[in-house]
Amino acid sequence: MIVWLNGAFGAGKTAAARELVDFMPGSTFYDPELVGNGLRMMLPRKRLEQVSDYQDLPSWRRLVVDTGAALIAEVGGPLVVPMTVLRQEYRDEIFGGFAARRIPVRHVLLHTDETILRERIAEREEIPGDADASESVRQWCLAHLAPYQAALTWLTTDAHVVDTTGLTPRQTAQHIADAVREGAGHCDIVQTPEPRAETLAAGVLLFDEEDRVLLVDPTYKPGWEFPGGVVEPGEPPMCAGLREVTEELGVRLDEPLRLLVADWERPQPPGYGGLRLLFDGGKLSSAAAREVLLPGSELRGWRFVTESEAAALLPPVRLSRLRWALRARERGRPLYLEAGVPTD
């Protein structure tokens, strides 16, 4: 199990986490900031200059999950993780990664009144003996108060909130331990096991009256996606596409699907690749669109988009697949792709 302590800089996450280890026998303190520090030492300066925060590095988010899973395999017991994460898509990616490994996450938000936060930040000496560096860190913490306030809408819905105003770190840890024992903070996110071999997946393109295509926003991975999923053993791919549309959107399609694209996706660690099929599911009427019901643990949102709008939402490999699927739909015949490129 992961006990993830979130909150603004200055909320007392690290101090509470170290105390919490005493209240949870067999638990281990795990600081993802060490992963970020390691990447700062290993990555080329040019790459680091492209981001303002190491959390923006996909490698950091991936390594946080991989390292956490390795620690649990090594020592067993819960991991206590103090880490501010204010972008919901990053939270989804990291917690979804743990869920895919069957590691449950308890999300706890340590909330403190902003006046108290500012006082705590002003009093912090981050780097003893280096006044300028400490002041730089304090200013960085203060600059993140506004993003924290903006993130409270989803944080307070997602996490169990502990108000740390007036509490010592040990008292905060006691509150967290009691809440975790009662099941608070359970993160209800989809648990999709990571593939161990090449997979066969079926996606379905649905269109509105303006010929815009429907995309969905998964909670468990970055970037938007088509409705669909992995074909189960012994399941016909078309049936899998129909099943996924019903499960993900609450929409039942009566007509058979028409194949648009078969795309072989090359293995690229940590992914195994496999065959990706895209089917034409036809037009979704306005009435049917109003009945779309998403599984909150799996999909955050959906929308109809033009091809150009899709370019800002889909990762490159899915965008290429969509573009060729749209060309196949226009031509009235399916296309076979290898790594996103037609073979004829």
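This is a predicted model: local features need pLDDT of at least 70, side-chain atom pairs count only at pLDDT 80 or more; totals for chains, interfaces and linings use all residues.
The buried residues of helix α1 are covered by elements that include β1 (2-7), β2 (28-29), β3 (79-82), β4 and α9. Helix α1 spans residues 13-23. Its buried residues are Lys13, Ala16, Ala17, Leu20 and Phe23. They cover an arc of only 105° around the axis, which puts them on the same side of α1. Arg18 and Asp22 are exposed, on the face of α1 turned away from the buried side. The pattern fits a general rule. An α-helix has 3.6 residues a turn, so residues three or four places apart point the same way.

The protein chain as a whole can now be set out. It has 344 residues, and buried residues make up 46% of them. Its secondary structure consists of 13 helices and 13 strands. The C-alpha trace spans about 70 × 45 × 40 Å along its principal axes. Contacts between residues at least 6 apart in sequence were also examined, and 74% of them join residues at least 24 apart.

Two packed helices are described by the angle between their axes and the distance between the axes. Helix α9 covers residues 169-181. The two helices pack at an angle of about 55°, and their axes lie 8 Å apart. That angle makes α1 oblique to α9. The crossing of α1 past α9 is right-handed. On the α1 side, the contact is made by Ala15, Ala16, Glu19, Leu20, Asp22 and Phe23. On the α9 side, Pro169, Arg170, Thr172, Ala173, Gln174, Ile176, Ala177 and Arg181 take part. By class, the residues of this contact divide into 8 nonpolar, 2 polar and 4 charged. Ala16, Leu20 and Phe23 belong to the contact with α9 and are also among the buried residues of α1. Asp22 belongs to the contact as well, yet Asp22 is one of the exposed residues on the face turned away from the buried side.

Helix α2 comes next. It runs over residues 33-42, and Val35, Gly36, Gly38 and Leu39 are buried in it. Seen down the axis of α2, these residues fall within an arc of 160°, so they line one face of the helix. The face turned away from them carries the exposed residues Leu34 and Met41. Cover for the buried residues of α2 includes α3 (45-48) and α4 (58-75).

The packing of α2 with α4 can be described in the terms used above. Their axes come within 10 Å and cross at roughly 130°. That makes α2 oblique to α4. The crossing is right-handed. From α2, the residues Val35, Gly36 and Leu39 meet Ser59, Trp60, Leu63, Val64 and Thr67 of α4. This contact has 5 nonpolar, 3 polar and no charged residues. Val35, Gly36 and Leu39 of this contact are among the buried residues of α2.

Helix α4 also packs with α5. The angle between them is about 30°, with the axes 9 Å apart. At this angle, α4 is roughly parallel to α5. Helix α4 passes α5 in a right-handed crossing. Trp60, Arg61, Val64, Val65, Gly68 and Ala69 of α4 make the contact with Tyr90, Glu93, Ile94, Gly97 and Phe98 of α5. The classes here are 7 nonpolar, 2 polar and 2 charged residues. Trp60 and Val64 take part in this contact and also meet residues of α2.

Helix α5 holds Glu89 too. Glu89 is partly exposed, with a relative accessible area of 32%.

Arg102 lies in the loop between α5 (88-100) and β4 (105-111). Although Arg102 is not a glycine, its phi is positive, at about 60°. Ala339 is placed in the loop between β12 (335-338) and β13 (341-342). Phi of Ala339 is near 55°, again a positive value in a residue other than glycine. Ala339 is partly exposed, and its relative accessible area is 32%.

How values were computed. Residues are numbered from 1 along each chain as its sequence is written. Side-chain values use heavy atoms; hydrogens and water are left out. Buried means under 20% relative accessible area, exposed over 50%, partly exposed in between (1.4 Å probe, protein chains only). Helices (H or I, at least four residues) and strands (E, at least two) are DSSP runs, numbered from the N terminus. The arc is that of the directions from the helix axis to the C-beta atoms. Contact means heavy atoms within 4.5 Å. Axes are lines fitted to C-alpha atoms, for helices over the stretch in contact, and angles run from 0 to 180 degrees between N-to-C directions. Angles under 35 degrees count as roughly parallel, over 145 as roughly antiparallel, 65 to 115 as roughly perpendicular and the rest as oblique. A crossing is left-handed if the near helix is turned anticlockwise from the far one by less than a right angle, and right-handed if clockwise. Ala, Val, Leu, Ile, Met, Phe, Trp, Tyr, Cys and Pro count as nonpolar, Asp, Glu, Lys and Arg as charged, and the others, Gly among them, as polar.
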